[in-house]
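Take a look, and then we can walk through its inside together.

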Amino acid sequence: MNSMIGKILSNRYQIIEQIGSGGMSIVYKAKCMLLNRFVAIKVLRDEFKADAQIVRKFNIESQSAASLSNPNIVSIYDVGQDGGTYYIVMELVEGITLKEYIENSGMLNWRLALKFTVQICSALEHAHKNGIIHRDIKPQNIILTKDGTCKVTDFGIAFTGNVNETRKIESDIMGSVHYISPEQTKGIITDARSDIYSLGITVYEMLTARVPFDGDNAVAIALKHLNEEPVPIKDINLPVPLGFVNIVKKAMSKDINMRYQDAQEMLNDLELFSGDPTVFEVGEQTSIDLQMTRIISKEEQESILRQIEEIKAETSQDNDYEEKTESRKPVKTYEPEKKKEKKKSKEKKKGNFFKELFKIENKQDKIAVIAAIITSVILILAVSGVAASMFFPSFDLFAIFTSGGSEFEVENFEGKLLEEVKEQYKNHKIEFIIEDEVYDNDYEEGRIISQTPEEGMTVKLPAKIRLTVSKGSKEFSLQNYVGEDAKQAKLKLNNLNLKVDEKNVFDDDVQAGYVISQSPKAGSTVRSGDVVVLTISKGADSANVIVPNLIGKTAAEAKSILEDNNLKIGSTIRRSSSKDEGTVIDQSIGENSEVPKNTKIDIYVSSGKEKEETPEVTPDNPSVTQPSQPSTPAPQQNPAPQSGTQSQQNPAPQQNSTPQTSTQPQQNSTPQPSAQTQPNTAPQQSSPTINTQQNTAPSLDIR
Amino acid sequence: MDFGYKTDVGSMRSLNEDNFLLNNTNEKYTVMAVADGMGGHNAGEVASADAIAYLKGYDESTGFSTSIKNRLLSCFEAINTFIYKQSVKTSRFAGMGTTLTVAVIARGRLYAANVGDSRCYVINKYEIKQITNDHSFVEELVRLGKLTKEEAKNHPEKNKLMQAIGTEPTVNTDLFTEDLKKGDIVLLCTDGLSNMVAEEEIKNILLTSENVQTAIDTLIAEANRNGGIDNITAVAVKID
């Protein structure tokens, strides 16, 4: 993704640097070359752009959010795509997030918190009025600008839901789970009131510098949203007026119907409270739920009232937060510079009804915000020099990318030969460090697999680039699999990262499902990823054929007829007969019988009228010679030549044919149409994967 | 021991980030595993492949013939460290992780170890029993009785994991044991199957198919028929 830097999207936006990243997108600072201004561009991560559903949501939601126009909402200028890169162009807001601000400054003075709350609430009011729900309101999504304005970002594009393909781990949701409403935990469709809840949590955090519900993990936090009451705000930050506390409580109500029903309603209460901070102190106000106010005892109310009075009285030397910030040296140093930049009158941005309330504190608030921004910037500075541009306007951002001297934009080394890369850069001040050498199936030995830093990153020279280099794929000696159960052999090969190419053939000698041969042979050197061809037996050819009539043919004709029908000639037995010599007078298996292919069929051939006591056996089938030893008298053979004696004489074909033919009717009678119910064929059916898939498909429908 | 296995890219994705292992060549025990990787730029594929490769190496060197539980735990920790280091070291692999469910069957007993939301089931004619607990946000809320199974089914945060292998420096591995009977089928699968095919359906297919491989092929075909939105992997053995 860093390869984006320097790119120009749609001939208009030049990507300058990465300024943030989220689960689904990366945010860059860019320059709009048409309007000559800086913008922020949110680019959908590569891994999601193939997903039509996500892209559609990305477009639709960002387009609807683009219709929003409000000083407290980060504006969306444009939505587009360029060569498969989907992006949203937004207003570039320089500042820090409310989260960072709270982390830096601790609890906010309630007046400042109120000011921020009103701004966020008015942003929500504008969005809700336009039918847009934020769904992910949290301090991380609220940016504080240098002049103390809150801007809500990520409107309508926080589309975390309904995307089945994105798997995220807890750390990704931890940021949001602190702010999600009980109904969001339940997975129920959210509406404007869910935003109100999240805003309530956000205000709670501003006032107390802690989230109301925290835990070791997302589930523990979600449970607290469902079940627990938070520590009362006033236990943590006593000066917060009860009226404000009650507004927050109502926003944070677990029951969606007890909450403010829209942002306008909450804004009305905030307005009332701003005009008179005591307005919601007693439980009579209709807009405040009575149950909530009852929680606070009368004594407590009185003490709070007293404190509020005290605070009102001492507005000038007010609370200690301002004192703390003012004592920070950097504030004073940089303040003049910051002030120059603030030409706009920010008073205009605020609702009139807050003027009263804020006029005393405005200056101090401003200082507080600026102080926090500066502190934050200093922190960034310490980490990366790039942020300097924010501080020193004269600092040319582009210098980094154009300078050839002391900086270097890292190229892609992946897939290149280490030696060539070293040679190419021998005159540069770049040291290549081989961090790891690993076996890799994709890259041959000596090629670079990965690099740190990545392509597109800018490094200062002299630089060190760490590389992982391939040792090639792992070599080893292939075992013998011949004679093994093919299923087991395939599993073993799979476990060795070898690919199996299987050939299934009929084989009379090897049991079905066992390996007949392998290529390469056992003992050959192979590398992971190589293909091993296994020839697997389908058993004896089981396809059946119909026995033709041979009677009346000559022996030679009989042989060729049998071969034409995928059968074999067995013994040729000569017997005296009234038929012409050489004519077939009988066959061991009758015409129209169904037998397996290659079954041997004996023929009885007339030897003419001369009587011959013993059948002559041709050397054609030597195996038959043994059982047909001439001890048996001829007359016994004659009456029953068909089955009894034949099977004894020639057991080989009989064994083959008997079980096969006998299971045939069984197969036909079973309700399932596919052949796999027949036990004999099972092993060979299961070995070719595609076959079984096809075969099992119809059985699904039967179920 | 009848067995079957298959991994399939599914109907929507272009890349299969699942990996699996089945080793039944050891006389003392059988090892099976599935891993479902995550992370962009093919890193998910790397994470799940590395996890399986590491497990295989562990099986070949140390093995699981004795002190199975302890070895499963230390193996999971080692795999987690291995992948975590990779992801920290190489920016291309940043944030990658994988689920990992491993089952060791020895002396009629099942030892299952799990991180993430891939599952181990035991199926017989009486029931289909989920042995492992998913480390997912939604499933944990279901276990705590805060969500119904029905609510969980369509929850937008359904795919959020509470933990995975390789995403944090440490990992909390869940261990389960179960006595097995003759005829029990032990099934390991990724969520590409368990999200797409109902448990009763899985049970029926495994029990009525002629052998385990046929059943696995049918299960994967069924998951694809129901949408196949994720990679699908299943490995099963039948106890004899």
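## The main core

The largest nonpolar core holds 165 residues, and those touching the most other members are A:I41, B:A33, B:A103, B:A234 and B:A236. A nonpolar core here is a set of buried Ala, Val, Leu, Ile, Met, Phe, Trp, Tyr and Cys residues joined through C-beta atoms within 7 Å. A residue is called buried if 20 or more other C-beta atoms lie within 10 Å of its own, exposed if 12 or fewer, and partly exposed in between, with C-beta atoms placed from the backbone. Helix α4 (residues 110–129) of chain A gives the most to this core, contributing 11 residues. Domain 1 (2–91) and domain 2 (95–337) of chain A each supply at least three residues to this core; the domain bounds come from an automatic or database domain assignment.

A second, separate core has 15 residues, including A:L567, A:I573, A:Y604 and A:V605.

## How to read the model

This is a predicted model, in which local features need pLDDT of at least 70 and side-chain atom pairs count only at pLDDT 80 or more, while totals for chains, interfaces and linings use all residues. Residues are numbered from 1 along each chain as its sequence is written, and chains are lettered from A and ligands numbered from 1 in the order in which they are written.

## Chain B

Chain B has seven helices and 12 strands; these are DSSP runs numbered from the N terminus, with helices (H or I) of at least four residues and strands (E) of at least two. Of its 240 residues, 60% are buried.

What does B:A33 touch, leaving out residues up to four places away in sequence? Its contacts are B:F20, B:L21, B:I52, B:L55, B:L100, B:T101, B:V102 and B:L188, where a contact means C-beta atoms, placed from the backbone, within 7 Å.

## An enclosed strand in chain A

Strand β4 (residues 37–44) of chain A has six of its eight residues buried, so it is largely enclosed by the rest of the structure. Strand β3 (residues 25–32) of chain A runs antiparallel to β4(A), joined by eight bridges; strands pair if DSSP finds at least two bridges between them. One of the residues involved, A:K31, has A:F38 in β4(A) as its bridge partner. Four residues separate β3(A) and β4(A) in a hairpin, and A:N36 in the turn has a positive phi of about 50 degrees.

Five bridges also link β4(A) to strand β6 (residues 85–91) of chain A, again antiparallel. Here A:V43 has A:Y87 in β6(A) as its bridge partner.

Conventions:
Contact = placed C-beta atoms within 7 Å.
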